[in-house]
Amino acid sequence: MKNACIVEAENLFDKMPQRNTVTWNTMIRGYFQNGFFDKAMCSFNQMPERDNFSYNTVIAGLMQCGDVNNAREVFDGMVDRSVVTWNSMISGYVRNGLIDEAIRVFDNMPIRDVVSWNLVIFGLGENDCGEDGIKFFIRMKESDLFPDQSTFTSVFTICSVLPSLDLGKQTHAQTIKTGLNCLIAVSNAMITMYARCGNMQSALQEFSSMPIHDVISWNSIICGFAHHGEGKKALEMFERMRLTDVKPNDITFVGVLSACSHAGLVDQGRYYFDYMKNKCFLQPTSEHYTCVVDLLGRFGLIDEAMSFLDQIRADGVEIPPSVWGALLGACRIHKNIKVGEIAGESILEVEPSNSGVYLILAEMFLSSGRKEDAEKIWARMKGNGIKKQPGCSWIEINNSGHVFLSGDRSHTEFRRICFLLNLLSAEMGTKILKPSNATSEEIRISFVGCYE
């Protein structure tokens with residue numbers, strides 16, 4: 001029902017000589033779909049009889065508008081709960097970022113279907129708990145249920161984020177065994193997984209094996225090449241896309257403009273930006289503006305980048321911090337202190353706790369001999385209670401991920417890692433780390449142990 005038709009629907013509902021449960025459910029669902037949550041609940045409370053669909057509709061509607069507590073109250077008031085009802089609760093909690101609550105509901109379910117497992121795996125992946133999502137995937141396979149298209153799509157997405165190439169390959173093999181690798185959504189997820197895990201050869205192979213491509217397929221391969229600095233290949237794929245019936249969208253042009261930036265194709269970048277606006281009639285987003293500024297800035301066209309920003313403001317668009325960040329990075333490389341200061345201060349107006357901007361400005365001032373200005377930036381940063389976030393890196397070894405934070409020595413293999421680094425640095429004539437006074441024999445043993 002459209003908003004303009006709500007009154008008409010209410011009039012028809014009021015004139016009905018008899019109403020059944022289906023009629024009430026239709027009105028309640030219409031109210032929720034059009035944002036009349038109070039009326040929906042009022043109708044629900046007035047229903048002479050309710051069925052399972054009534055409860056499911058109300059729970060889903062309340063969860064959609066973020067009213068988690070009332071949804072839980074309705075759920076607790078049910079006598080007979082179907083699997084769909086339990087799944088509605090899990091979906092609602094996931095939608096509202098309450099993944100722990102979603103898992104509690106899942107654990108209490110008397111019977112689970114594939115949707116139940118998929119919701120939890122997807123929810124964990126969406127809430128930065130990908131490793132736990134994989135554990136649920138393994139538990140699912142150990143049950144009597146078989147993964148479906150949604151399951152594999154979520155798992156490939158998790159592998160993309162972790163990133164975990166080995167697990168992605170294993171999951172790919174499972175899709176082949178089940179025949180689900182032929183589904184376009186699964187293939188698209190595989191392309192993205194391989195691309196984000198750095199294996200563009202496998203990504204291209206999967207793309208080439210697909211009988212049909214949609215816009216997501218093209219976007220995945222184009223953005224994959226662009227992400228890995230293979231700008232010309234990304235543009236070649238885009239030109240191939242233009243020969244098909246698939247129309248590019250805003251994500252396509254993020255990949256295209258990013259590819260131009262990485263490949264140093266300034267003229268092509270200008271062309272594709274104009275093509276996006278004037279031929280495809282797509283409204284530029286902050287990502288597109290950022291790509292163009294990054295493209296111009298990388299090659300020292302700071303004045304043109306500023307003119308581009310002036311044009312954006314003239315069009316009534318507020319310049320987002322990401323765009324100023326691209327300009328600041330360019331000014332740092334090309335030592336344009338004047339414009340860099342403008343860009344940095346513009347970011348801090350919106351993001352006063354952005355530690356990286358303070359550090360970049362201080363570095364730029366120091367490199368240009370403006371020590372006093374650098375000290376003012378440091379004092380300002382300290383006065384605002386802002387601390388630099390530690391650097392973080394990770395590596396996957398034997399299907400196990402290892403995370404390292406700058407200055408953190410808590411890793412269980414830290415001592416042996418230091419031994420190995422010192423051995424390597426000795427070959428280069430430098431010293432990196434020294435956890436203790438170690439003999440050359442200890443270093444040799446530890447080095448060998450790393451490969452046991």
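Reader: At what angle do helix 14 and helix 16 pack?
Author: This is a predicted model, where local features need pLDDT of at least 70, side-chain atom pairs count only at pLDDT 80 or more, and totals for chains, interfaces and linings use all residues. Residues are numbered from 1 along each chain as its sequence is written, and side-chain values use heavy atoms, leaving out hydrogens and water. Take helix 14 as residues 215-227 and helix 16 as residues 250-263 (helices are DSSP runs of H or I, at least four residues, numbered from the N terminus). Their axes (lines fitted to C-alpha atoms over the stretch in contact, with angles from 0 to 180 degrees between N-to-C directions) sit 8 Å apart, and the packing angle is about 20 degrees.

Reader: So are helix 14 and helix 16 roughly parallel or antiparallel?
Author: Their angle is about 20 degrees. Under 35 degrees counts as roughly parallel, over 145 as roughly antiparallel, 65 to 115 as roughly perpendicular and the rest as oblique. Helix 14 and helix 16 are therefore roughly parallel.

Reader: Which residues of helix 14 make that contact with helix 16?
Author: Contact here means heavy atoms within 4.5 Å. On the helix 16 side you'll find Ile251, Thr252, Gly255, Val256, Ser258, Ala259 and His262. Facing them from helix 14 are Val215, Asn219, Ile222, Cys223 and Ala226.

Reader: And how many residues of the contact of helix 14 with helix 16 are nonpolar?
Author: Sorting goes by class (Ala, Val, Leu, Ile, Met, Phe, Trp, Tyr, Cys and Pro are nonpolar; Asp, Glu, Lys and Arg charged; the others, Gly among them, polar). This contact has no charged residues and five polar ones. The nonpolar count is seven.

Reader: Is the peptide bond from Leu162 to Pro163 cis or trans?
Author: Most peptide bonds are trans. Pro163 lies in the loop between helix 10 and helix 11 (165-178). Going from Leu162 to Pro163, omega is near -20 degrees, and the bond is cis.

Reader: What is phi of Phe281 near?
Author: Look in the loop between helix 17 (266-278) and helix 18 (286-298), where Phe281 has its place. Most residues other than glycine have a negative phi. Phe281 isn't a glycine, yet its phi is positive, near 55 degrees.

Reader: Are helix 17 and helix 18 roughly parallel or antiparallel?
Author: Their axes are 10 Å apart, and the angle is about 160 degrees. Helix 17 and helix 18 are therefore roughly antiparallel.

Reader: Which residues of helix 18 make the contact with helix 17?
Author: Helix 17 brings Val266, Gly269, Arg270, Phe273 and Met276. Taken together, the residues of this contact come to seven nonpolar, two polar and one charged. From helix 18 come His288, Tyr289, Val292, Leu295 and Leu296.

Reader: Helix 18 also packs with helix 20; how far apart are their axes?
Author: Helix 20 covers residues 321-334, and its angle to helix 18 is about 10 degrees. The pair is therefore roughly parallel. The axes of helix 18 and helix 20 are apart by 8 Å.

Reader: How many charged residues has the contact of helix 18 with helix 20?
Author: Helix 18 puts in Ser286, Tyr289, Thr290, Val293, Asp294, Gly297 and Arg298, which meet Ser322, Val323, Ala326, Leu327, Ala330 and His334 in helix 20. By class, six are nonpolar and five polar. The charged residues number two.

How values were computed:
Helix = DSSP H or I, 4+ residues; strand = E, 2+ residues; numbered from the N terminus.
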